[in-house]
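Hello,

Please find the structure below, with its sequence. My notes on what was found follow it.

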Amino acid sequence: LERWAGMPASEKDIVPPRESSGVTFYPHAKYWRIGGKFYDLNNWLDSHPGGRQVLLLARDRYEDATFAFEAHHHDFEKVRAILSKYLVKDIVPSPHRLPNQTYPELCGADSFYSVLRKRVSKYLRQNGGPGPSSTTLLVFYVILVSWFSFMFLLYSTGILWFALFAAITGAWMGGFGHNWVHQMKYRHYSYCLDLLGLSSENWLRDHLLQHHMYTNTPLDNHFEGTSPFLIVDPTRKRSFLQAYVAPFIAPVFLMFGIPGNYVFQTVELFRGNERLTVGKFFLPIECALFYYGWGLYGLFLIFSMLALTSVYYFIIALANHNTESSWDIEKRNNCKDWGEVQLVAATDVGVGLGFYGSMLYLWLNLHTVHHLFPHVDITHHSAIQRILMDTCQEFGIKYSHSNIWSMYLEMVSTFHAPRHLGNQILYYAGG
């Protein structure tokens, strides 16, 4: 609030601070800050291919939209030309208020990320665009029907084994929901996340616009997402339990990932930080049905399904961003563009696997590709990975990948001990 009160006259349209998953931001009431300039996109809202909601969220909940703009427009030269028409010329945004922090500029035309986007744009033009193939859609429908079938069998028989089968298909469904929430045309499919007790509405904001844009920084909603049990912050000291107990029993804590997430988002809903959608009622209805049919044992069946789904999903999701290389702060802070930052912040697994092979990893295995091109469907990840690897080699940039067991052990190690005490993480490194 003190920072907001001290804003210069040129930015009197700054609104009071807004929270997004526990992180405070200072948005502008009228304009979008992109590349060190303000743009008035209000007349573009209904024409925006990604929908007006995500555009409004980028302005109303966050203070800078540069990385969101860069990451979601692979054909950036064309889109920058459109953006220039909406430039607000009479207001110059102020510098960042925090020491050593600066707001980002747009990537240079010859930078690593710009060159990569040009190559990926060419590939997408030649392969029908960024959306899913008919095969990808068919696999999703089969998984969705399978999950409902196993849930019906779990409900009708009460046999615990069906909770395991529902959890496996549920985790695959979560992988697809993670995919759909980034695509305007298929965003309604992301309600499959709500079936699991996750919030597609919340993911549209804090996953798409927060985690993806501020990966592995204090502005990332994942940064404190597992606290106070599992600490990811490499600059923070751990207590005895946080250092010597919790990391080694991480799956136990991850069992409560989905239920804990649901409780947190419900609290945020009552605090006015979330919007109520129909998906919020899915999990309570499931719990009510199982309780009606089986009493407390029915709630145990639901919890078992959610716990197993949580462990499967979150071990892979957390391993992607918590290897030792993912927390190389010095390297991250010295990256030349946002694309390089994502290569530091994520580690891939199962390199060379195709669409069906990636199913084992819930299609989260080519996570660097997903972070660099979040709106591009998993259909194209394997092909884009080859383009990425070639471009990394050309620019002399390391592409981090490993096997899941090594990544898990490194994750436990980063939970166990801080590697960068006293270091500062730049929010907008690469900008």
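Ser-400 sits in the loop that joins helix H18 (381-395) to strand E6 (401-402). Please keep in mind throughout that this is a predicted model. The relative accessibility of Ser-400 is 6%, so this residue counts as buried, the cut-off being under 20%. Beyond its neighbours within four places in sequence, Ser-400 touches Ser-325, Leu-343, Ala-346, Thr-347 and Asp-348.

Next, Trp-172. This residue belongs to helix H7, which covers residues 161-180. If neighbours within four places in sequence are set aside, the contacts of Trp-172 are Ile-143, Tyr-312, Met-359, Leu-362 and Trp-363. Tyr-313 is 141 residues away from Trp-172 in sequence, yet their C-alpha atoms are 8.3 Å apart in space.

The other place to look at is helix H4 and its surroundings. Which residues of H4 are buried? They are Phe-76, Val-79 and Leu-83. Viewed down the axis of H4, these buried residues fall within an arc of 65°, and therefore they line one face of the helix. They pack against strand E3 (32-34), strand E4 (37-39), helix H3 (66-71) and H5.

In general, two packed helices are described by the angle between their axes and the distance between the axes. Helix H4 (residues 76-83) and helix H5 (residues 112-126) have axes that come within 10 Å and cross at roughly 110°. H4 is therefore roughly perpendicular to H5, since angles of 65 to 115 degrees count as such. On the H4 side the contact is made by Phe-76, Glu-77 and Arg-80, and on the H5 side by Ser-114, Arg-117 and Lys-118. Sorted by class, the contact of H4 with H5 has 4 charged residues, 1 polar and 1 nonpolar.

Last, the confidence of the prediction. The protein has a mean pLDDT of 91, with 97% of its residues at 70 or more. Over residues 1-9 the pLDDT stays under 50, although the model has 19 contacts for them beyond four places in sequence. Where pLDDT is low, the predicted coordinates should not be read in detail.

Regards

Notes
Residues are numbered from 1 along each chain as its sequence is written. This is a predicted model: local features need pLDDT of at least 70, side-chain atom pairs count only at pLDDT 80 or more; totals for chains, interfaces and linings use all residues. Side-chain values use heavy atoms; hydrogens and water are left out. Helices (H or I, at least four residues) and strands (E, at least two) are DSSP runs, numbered from the N terminus. Contact means heavy atoms within 4.5 Å. Axes are lines fitted to C-alpha atoms, for helices over the stretch in contact, and angles run from 0 to 180 degrees between N-to-C directions. Angles under 35 degrees count as roughly parallel, over 145 as roughly antiparallel, 65 to 115 as roughly perpendicular and the rest as oblique. Ala, Val, Leu, Ile, Met, Phe, Trp, Tyr, Cys and Pro count as nonpolar, Asp, Glu, Lys and Arg as charged, and the others, Gly among them, as polar. pLDDT is the predictor's confidence in each residue, from 0 to 100. Buried means under 20% relative accessible area, exposed over 50%, partly exposed in between (1.4 Å probe, protein chains only). The arc is that of the directions from the helix axis to the C-beta atoms.
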